[in-house]
Amino acid sequence: MNNLKELRKKSNLTVEELARDLGVHKNYIYMLENGTRTPGFELALKIAKYFREPIENIWSMWFFLSIQPTLCMLYNGKGWGYEQIVDC
């Protein structure tokens, strides 16, 4: 699951406002919030930057496992970083 709905409500944003700011349809935000859709890495990162939150505070480990073939998470002692590599 994810914390998107919590962050949106905490920021006093409507689904429509968040969708507009991110450049996606409001129905897509609903699907992300209820877990029926998973964003691509670029949108997930855009959302994290939008809320000024580390990406791992928003998306569960299942998200990272779903993108594992192209990205590996690397812990550098200060937080999680991402390095694009072909073979983990």
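Biologist: Is Arg52 buried or exposed?

Modeller: In this predicted model, Arg52 is found in the loop between α4 and α5, the latter being residues 61-66. The relative accessible area of Arg52 is 77%, and a residue counts as exposed when that value is over 50%. Arg52 is therefore exposed.

Biologist: In which loop does Asn12 lie?

Modeller: Asn12 is a residue other than glycine with a positive phi, near 55 degrees. With a relative accessible area of 67%, Asn12 is exposed. Asn12 lies in the loop between α1 and α2.

Biologist: In what order do the elements of the protein run from the N terminus on?

Modeller: The protein has five helices and two strands. When the elements are read from the N terminus on, their order is α-α-α-α-α-β-β.

Biologist: What share of the residues of the protein count as buried?

Modeller: The protein has 88 residues, and to count as buried a residue must have a relative accessible area under 20%. The share of residues that count as buried is 35%.

Biologist: Which element gives the most residues to the largest nonpolar core?

Modeller: This core holds 19 residues, and those that touch the most other members are Leu4, Leu18, Ile29, Leu32, Ile47, Phe51 and Trp59. Two or more residues come from each of the elements α1 (4-10), α2, α3 (26-34) and α4. With six residues, the element that gives the most is α4.

Biologist: Which residues does Leu18 contact, leaving aside its neighbours within four places in sequence?

Modeller: Leu18 is one of the core residues that touch the most other members, and in α2 it is among the residues that meet α4. Once its neighbours within four places in sequence are left aside, the contacts of Leu18 are Leu4, Arg8, Leu13, Ile29, Tyr50 and Phe51.

Biologist: At roughly what angle do the axes of α2 and α4 cross?

Modeller: Helix α2 covers residues 15-22 and helix α4 covers residues 41-51, and their axes come within 11 Å. The two helices are roughly perpendicular, and their crossing is right-handed. The axes cross at roughly 115 degrees.

Biologist: How far apart in space are Leu22 and Ile47, C-alpha to C-alpha?

Modeller: Leu22 is found in helix α2 and is buried, with a relative accessible area of 4%. Not counting residues up to four places away in sequence, Leu22 touches Ile29, Lys46, Ile47 and Tyr50. Although Leu22 and Ile47 are 25 residues apart in sequence, their distance in space, C-alpha to C-alpha, is 7.5 Å.

Biologist: At roughly what angle do the axes of α2 and α3 cross?

Modeller: The axes of α2 and α3 come within 8 Å, and α2 is roughly perpendicular to α3. The contact is made by Val15, Glu16, Leu18, Ala19 and Leu22 of α2 together with Lys26, Ile29, Tyr30 and Glu33 of α3, a set that divides into six nonpolar, no polar and three charged. The axes cross at roughly 105 degrees.

Biologist: Does Glu33 count as buried or exposed?

Modeller: Glu33 lies in helix α3, and, with neighbours within four places in sequence left aside, it is in contact with Met1, Asn2, Leu4, Lys5, Arg8 and Val15. Its relative accessibility is 10%, and values under 20% count as buried. Glu33 is therefore buried.

Biologist: What distance separates the C-alpha atoms of Leu7 and Ile58?

Modeller: Leu7 is found in helix α1 and counts as buried at 12% relative accessibility. Leaving aside neighbours within four places in sequence, Leu7 is in contact with Phe51, Glu53 and Ile58. Leu7 and Ile58 are 51 residues apart along the chain, and their C-alpha atoms are separated by 8.3 Å.

Conventions
Residues are numbered from 1 along each chain as its sequence is written. This is a predicted model: local features need pLDDT of at least 70, side-chain atom pairs count only at pLDDT 80 or more; totals for chains, interfaces and linings use all residues. Side-chain values use heavy atoms; hydrogens and water are left out. Axes are lines fitted to C-alpha atoms, for helices over the stretch in contact, and angles run from 0 to 180 degrees between N-to-C directions. Helices (H or I, at least four residues) and strands (E, at least two) are DSSP runs, numbered from the N terminus. Angles under 35 degrees count as roughly parallel, over 145 as roughly antiparallel, 65 to 115 as roughly perpendicular and the rest as oblique. A crossing is left-handed if the near helix is turned anticlockwise from the far one by less than a right angle, and right-handed if clockwise. Contact means heavy atoms within 4.5 Å. A nonpolar core is a set of buried Ala, Val, Leu, Ile, Met, Phe, Trp, Tyr and Cys residues joined through side-chain atoms within 4.5 Å. Buried means under 20% relative accessible area, exposed over 50%, partly exposed in between (1.4 Å probe, protein chains only). Ala, Val, Leu, Ile, Met, Phe, Trp, Tyr, Cys and Pro count as nonpolar, Asp, Glu, Lys and Arg as charged, and the others, Gly among them, as polar.
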